[in-house]
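Here is a short report for a reader meeting this structure for the first time. Keep the model open while reading.

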Amino acid sequence: MRPVWIKNAAQLVTIAGENGPRRQEQMSELSIIQDGSVWMENGEILAIGTTSELEVLYGKRAHEADVVDASGRLVTPGLVDPHTHVAYGGSREKEFEMRLEGSTYMEIMNAGGGIHATTRMTREATEDELVAQTTRRLDSFLAHGVTTVEGKSGYGLDLETELKQLRAMKRLNETHPIDLVPTFMGGHAVPQEYKGSEEQYIDLLVNDMLPKVAEEGLAVFNDVFCEVGVFTPEQSERILEAGKKLGLIPKIHADEIESYGGAELAAKVGAISAEHLLKASDEGVRLMAESGVIACLLPATALYLREEAAKGRAMIDAGVAVAISTDCNPGSSPTTSMPLVMNLACISMRLTPAEALVAATMNAACAIGMEEKVGSLEVGKQADVVMWNVSNYQELQYLFGVNHVNIVWKKGVQVMG
Ligand code: NIG
Ligand code: FE
């Protein structure tokens, strides 16, 4: 593998600093190098600095490398998407129309659509079909400058299909350039066959599914949809505590549709992150700040459901580390565009462009335990790098709805452009 030498970047945004969640004013510190340069070799960043600094260090080895002229362009870390439901079967465009005609997300789900519809289609798909469908979506992530993606199961809601989804993701992590970090989410919904006997489904989850997932090493995190009409805070706590005993780190879909104590529960169980949080209470936000739970905010979902976005600005001001994500899923957010999400974070949650970029890189990496490898450009970290057809990070977010990716490198290999 030939080294890659990027030179003359108009703006090289490194986000260098501590490999940990950035809060408050730290979320505005981008560590920008003008006329920036990066040398990547063997999948890692070997040197980073100004072009003249790297000329001194590596000028003699220029003939060995693929030299890339980044004049006039922005270079950033590969974006990180810390919350997706990317490995699913089928599609739900009909529900899109139903919602435009007035049905709500929960009405559709309670009538057997929504998560239940995708569960049926995912149960019907073979593992190979899931791999093929998900490959197309991961390719689309890469095309939008996203090099690390979290993926949840939760469209099986039975042991066999949950394992099929997680095994498909394992194969993709091994074969696709993207790092795909797996989360078990058997607690995504109570399957229709358990309607009226919810506790029995939770028994199955706790006694059979979680131990099997942990034994096969198929997931790092355990997530639950704590929502009115789905899992109560008490049921959610039981599921998350059972996962913790098996080494699975808690995550929680919290306070998305109604204020339900999800943020408070995230703090109580020591979740690495709490997701959505559209209706999180002020006390819940305070507790998250105090206990270091990362808020993973999903403004594309809010837009798609025509809900008011989470209070991202207030959360940052309250000391919560904020990450952002597409929530890529077939119902409430069928997108793979993190640049769009960064723009929406600015427009609908009043983050600054600098905060949105940190939320989509370092804080996103922290929300999935990947901060030692990705999320910033520093010597020794993975060479996940994006060169954009804009000259600065504000322009990246200001010119919205357009894909500005020029070249994407994953572990030092050009995978796009
Ligand atoms: O994060 N809120 C619950 N789960 C997903 C949606 C899943 C679906 O509609 O298929 C979410 O938005
Ligand atoms: Fe989700």
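The report covers the metal site, the ligand beside it and the nonpolar cores.

## The iron site

This is a predicted model. The iron ion (ligand 2) has four kinds of entry on its list of protein donors: His83 (NE2), His85 (NE2), His253 (NE2) and Asp327 (OD). Along the sequence, the donor residues follow the spacing H-x1-H-x167-H-x73-D.

Histidine 83 has a relative accessible area of 0%, under the 20% cut-off, so it counts as buried. Histidine 85 is buried too, with a value of 2%.

## Around ligand 1

Ligand 1 is surrounded by 15 residues. The closest are Tyr105, Tyr155, Glu256, Asp327 and Ser332.

Polar side-chain atoms approach oxygen atoms of the ligand. For aspartate 327 the distance is 2.7 Å. For arginine 92 it is 2.8 Å. In histidine 276, a side-chain N or O atom is 2.8 Å from a ligand oxygen. Taken alone, ligand 1 exposes 330 Å², and the protein buries 100% of that.

## The nonpolar cores

The largest nonpolar core holds 117 residues. Ile252, Leu277, Leu297, Met315, Val322 and Ile324 have the most contacts inside it. Helix H7, residues 198–215, gives the most to this core: eight residues. Another core lies apart from it, with 17 residues, including Ile6, Val38, Met40 and Val68.

Which residues does methionine 315 touch, leaving aside neighbours within four places in sequence? Its contacts are Leu277, Val285, Ala295, Leu297, Ala310, Val320 and Val322.

Note on methods. Residues are numbered from 1 along each chain as its sequence is written. Chains are lettered from A and ligands numbered from 1 in the order in which they are written. This is a predicted model: local features need pLDDT of at least 70, side-chain atom pairs count only at pLDDT 80 or more; totals for chains, interfaces and linings use all residues. Side-chain values use heavy atoms; hydrogens and water are left out. A nonpolar core is a set of buried Ala, Val, Leu, Ile, Met, Phe, Trp, Tyr and Cys residues joined through side-chain atoms within 4.5 Å. Buried means under 20% relative accessible area, exposed over 50%, partly exposed in between (1.4 Å probe, protein chains only). Helices (H or I, at least four residues) and strands (E, at least two) are DSSP runs, numbered from the N terminus. Contact means heavy atoms within 4.5 Å. Donors are N, O and S atoms within 2.8 Å of the metal (3.2 Å for Na, K and Ca); water is not among the atoms, so sites may look incomplete. A residue is near a molecule or strand if one of its heavy atoms lies within 4 Å of it. A polar contact is a pair of N or O atoms within 3.5 Å; within protein, one must be able to donate a hydrogen and the other to accept it, and residues adjacent in sequence count only if both atoms are side-chain atoms. Accessible areas come from the Shrake-Rupley method with a 1.4 Å probe; for residues, only the protein chains shown count as cover.
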